[in-house]
Amino acid sequence: MSKPDLTKPTRQELRGFLVIFAFEAIQTLRRFWPVFILIFAQKKILPTGVTIPMAIGLILLVLLLHVTLFYLNFYFYIEKNQFIIKKGYLRKKVLSIPLERIQSVNTKQNLLQRLLNVYSLEVDTAGSAGKELKIYSLSGSYTDHLTQFLQSHKENANEEKSDSISNTNEEVEILKLSHSDLLRIGISQNHLRTGLIIVAFGSQIVDQIQDLFKERTDAYSDSVQNIMSNSGILFFTGLVIFALVVSILATLLFTVIKYYDFKLVKHQQSYRITAGLFNKRKVLLPFSKVQQLNWETGPIKRIFGIFKISFKQAVSKQIQQKQVVDAPGCLNHHIEIIRDDLFKGDLPDHSEKIYSHRRYFNLLWFQRGWLPAILPTPVYIFEPIWLLAGGFWLVLSGLYCWMMVRKRYFQFNKSQLIVGKGAINTVWQQAESFKTQSVDFRQSFFQKRRGLASLSVNNASGQIDIPYIPEDMANKLMNYLLYHVETSNKKWM
């Protein structure tokens, strides 16, 4: 099959017109939902003789006209090392993206797109939220070719032809999650967080039901209170067990939906990640685009011997979470392979671990323990029983802060930096020195008296904190990192 000409202005696939219509309908609903609710709730607003079905039909007709004009005026192509998107019919807009600034190219395919056999493609840059850089309907062959070209393009290429891509098609599968892997990952997730989300969502639904059926809810509220008071501890124990079971089942469901058929494949100098049950996503991640590698484990994960890896890319602060690509269910040898690929085997694992000073515990305990315990002092005066809760909080927070200090350290070998942190979970962060963008040196009055300081090493994906280390060591590390950045000829992305 002949390769498509990427330099030719191209429209989206016509068979995906319904997909474009659906996306635009969702966007329109998000923007104007208060107007639609007002129209349907207050029928008197409509002109005489206009019914609700007629209004819906008119809205759909206008939307169909908008989507048709949007489709006809949307083009994309490659020209002079630029990826260009032209769109708009009333207000023309041209987006020109230098190929070397492209951070990642992600493809997705929801259920409707699977039925129509089309893909959506999102292009992210380090300074863009990516919302305007989205193509809704592409054929599979065109998507693969365009994605490979955008990700494999070299800044020093002299030609714009697609044959500048290497013909090496060898792929190595690093990780593939089975059904049993998904079960282990789901069991090891944070069920408390899921439970809180369910409670928050459920409370909103209950409030809505109470507003709609106020008389009936008032009638049943007394009987519910009687049941709760008579049941005592048995009722609350059953409620906790029920909430825990629902939370675990919900977490398992979310895990399957997000990570179904997960594969991590190495192709040339990049990773390809595919996953998703209903909304299948495909992410191409060049090694050079990874600014920082994080991996973590927890008590339950440790029982299964699994880790979760996060690949952090260059991103603006507003969309920091969006640019994290994760790989759950990794074993030790998966981490070794990935670290060796990204950091070329130059690892500081055998260098000395420098732990944060024990004074760091005082700061953490004051912020997380004493301050929250002191603030409700008036409550203790009127309700002495709460004094026990305050004391319990001090003990619990002290234990938690001690665990945080115990795990806080860094290792450095002049080209790589590793930071360990966490309390219940354990997290490791690794980054290359030459990708550092700035270093913040912080020293409070109390730190100055004890010869201590804190550093924040900033890269394009965020920051790595190194708190409460000796002042002379902080100065040396900061000076070396800045010197390394200024003298290095390597490209940070």
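1. The side chains of Arg339 and Asp349 meet in a salt bridge, with N and O 2.6 Å apart; a salt bridge is here a side-chain nitrogen of Lys or Arg within 4 Å of a carboxyl oxygen of Asp or Glu. This pair links distant parts of the chain, 10 residues apart: Arg339 belongs to helix H10 (residues 332-343), while Asp349 sits in the loop between H10 and strand S14 (354-355). Helices (H or I, at least four residues) and strands (E, at least two) are DSSP runs, numbered from the N terminus. Arg339 is buried, at a relative accessible area of 7%, whereas Asp349 is partly exposed at 35%. For these terms, buried means under 20% relative accessible area, exposed over 50%, and partly exposed in between (1.4 Å probe, protein chains only).

2. A remark on the basis of these values is in order. The model is a predicted one, in which local features need pLDDT of at least 70 and side-chain atom pairs count only at pLDDT 80 or more, while totals for chains, interfaces and linings use all residues. Residues are numbered from 1 along each chain as its sequence is written, and side-chain values use heavy atoms, with hydrogens and water left out.

3. The structure contains 13 salt bridges. One of them joins Glu171 to Arg272, whose closest N and O atoms are 2.7 Å apart. Glu171 is in strand S7 (residues 171-176) and Arg272 is in strand S9 (residues 270-275), so this pair ties together parts that are 101 residues apart in sequence. Glu171 has a relative accessibility of 40% and therefore counts as partly exposed.

4. A further salt bridge connects Arg281 with Asp326, the closest N and O atoms being 3.9 Å apart. Because Arg281 lies in strand S10 (residues 280-286) and Asp326 in strand S13 (residues 324-330), the pair ties together parts that are 45 residues apart in sequence. Both Arg281 and Asp326 are buried. These two residues also belong to a network of salt bridges that links Lys258, Arg281, Lys308 and Asp326.

5. Which residues have the most contacts inside the largest nonpolar core? They are Phe262, Tyr271, Ile309, Phe311 and Leu342, in a core of 31 residues. Such a core is a set of buried Ala, Val, Leu, Ile, Met, Phe, Trp, Tyr and Cys residues joined through side-chain atoms within 4.5 Å. At least two residues of this core are supplied by each of S7, helix H5 (179-187), S9, S10, strand S11 (290-297), strand S12 (307-313), S13 and H10. H10 gives the largest share, 4 residues. In soluble globular proteins, nonpolar side chains tend to be buried together.

6. The surface also carries a nonpolar patch of about 430 Å², made by Leu183, Ile187, Ile300, Ile303 and Phe304. Patches consist of residues with over 30% relative accessible area and no salt bridge, like charges being joined within 9 Å and nonpolar side chains (Val, Leu, Ile, Met, Phe, Trp, Tyr) within 5 Å. Accessible areas come from the Shrake-Rupley method with a 1.4 Å probe; for residues, only the protein chains shown count as cover. H5 and helix H9 (299-304) are the elements that give two or more residues to the nonpolar patch, and H9 provides the largest share, 3 residues. Ile300 is located in helix H9 and is partly exposed, with a relative accessible area of 35%.

7. A patch of positive charge on the surface gathers Arg358, Arg359, Arg449 and Arg450. Lys and Arg count as positive and Asp and Glu as negative, with His and the chain ends not counted; the place of a charge is taken as NZ of Lys, CZ of Arg, CG of Asp or CD of Glu.

8. Asn81 has a phi near 60°, a positive value in a residue other than glycine; Asn81 is in the loop between strand S1 (75-79) and strand S2 (82-87). Asp261 is likewise not a glycine and has a positive phi of about 55°; its loop runs between helix H8 (233-259) and strand S8 (263-267). Asn81 counts as partly exposed at 25% relative accessibility, as does Asp261 at 29%.
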